[in-house]
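Here is a short tour to read alongside the model on your screen. Keep the viewer open and follow along.

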Amino acid sequence: LFPRQNLAMGYTAQFKPLSGLNVNLTYSTSAITLNDKSSKEVSQSNYLQRLMGTSKSTAFYQAIKGDINYTLRKTSLGVGYEQVDPNYRTLGAHFFTNDLQNITFNVARAFWQDRVSLSANVGVQYDNLDDKKSHTTRRTVGSIALSLNPSDKIQLNSTYSNFMTHVVEQETFEKINRTAPTEDADADATTPNFVQVSQTANVSSMLTLRRDELQSRQLSINVGFQDAFDEKGGVVSKGNSSQYYNLSTTYNIVYLKKGLSLTSVYNVSYNTI
């Protein structure tokens, strides 16, 4: 390891150009010199380098994140974008995700005098932005949530999410032996070599049985399910699939004036592979 030097700066802007329209922008940049003892001069300069007060070879990275959300009455629509340069790093963080591009869409709506709320989002994530890795990963994320409050004593919530990761191998031999220079570099990557899927569903309910000055009684029930499997070449191998089921119930009594609380919990889970 050699002595290093780093300067990272970030800029954030938030504004509302129209009624109901919210725009959020974040731009981050990092200049890092990996060897402060090196005498190699940089071929191009950057304002961060001038602030660092050095003329040595310095690498520059940037990250961009922004989202736009528009709310009309009880409906909200939004789109988000995020991109982080490959090898983006700062000396102020031990771990930092880089080499990714995210595009997400979201929608939310309230119904029935705000007693019902529905929201959903879907997004796609890519890496290998500079096409220097041996494989490209595409990750699809989607989720939906429903909340229902038919009365002050009943609350119902349900969620579902689906996470998919596609890994496409790019063999060097195939790259250098294409039949035509104009051949699409991704022509052999239309079908993912490896797919990983994890889907989760959850339903929960809370029923208030009693609520007065003396005591409060509540019953909660939660049911969860998770399914995960790895698929390669359209085949799920034995041992690469698992399911998880969980049921939990909670009964709670609170004696308000006595300051006493009693809770009974029953939980059962089942896992198969």
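What share of the 273 residues of the protein count as buried? The figure is 21%, where buried means under 20% relative accessible area, exposed means over 50%, and partly exposed lies in between (1.4 Å probe, protein chains only).

## Before you start

This is a predicted model, in which local features need pLDDT of at least 70 and side-chain atom pairs count only at pLDDT 80 or more, while totals for chains, interfaces and linings use all residues. Residues are numbered from 1 along each chain as its sequence is written, and side-chain values use heavy atoms, with hydrogens and water left out.

## The overall picture

The protein has two helices and 12 strands; these are DSSP runs numbered from the N terminus, with helices being H or I of at least four residues and strands E of at least two. Along the sequence, the order is β-β-α-β-β-β-β-β-β-α-β-β-β-β.

Among contacts (heavy atoms within 4.5 Å) with a separation of 6 or more, 54% join residues 24 or more positions apart. The accessible surface of the protein is about 18,200 Å², and 55% of that belongs to carbon and sulfur atoms. Such areas come from the Shrake-Rupley method with a 1.4 Å probe, and for residues only the protein chains shown count as cover.

## Aromatic rings

Rings of Phe, Tyr and Trp (its six-membered ring) pair if their centres lie within 6.5 Å; planes under 30 degrees apart count as stacked, over 60 as edge-to-face and the rest as tilted. The protein has four aromatic pairs by this rule. One of them is the tilted pair of Phe 225 and Tyr 245, with 5.0 Å centre to centre and 40° between the planes. Phe 225 lies in strand S10 (residues 215–232) and Tyr 245 in strand S11 (residues 241–255), so the pair ties together parts that are 20 residues apart in sequence.

Together with Tyr 270, Phe 225 and Tyr 245 form one aromatic cluster.

## Two loop residues with positive phi

Most residues other than glycine have a negative phi. Trp 112, however, has a positive phi near 50°. Trp 112 lies in the loop between strand S5 (100–111) and strand S6 (116–126), and counts as exposed at 52% relative accessibility.

Is Asn 128 buried or exposed? Asn 128 is buried, with a relative accessible area of 6%. Its phi is also positive, about 55°, and Asn 128 lies in the loop between S6 and strand S7 (135–151).
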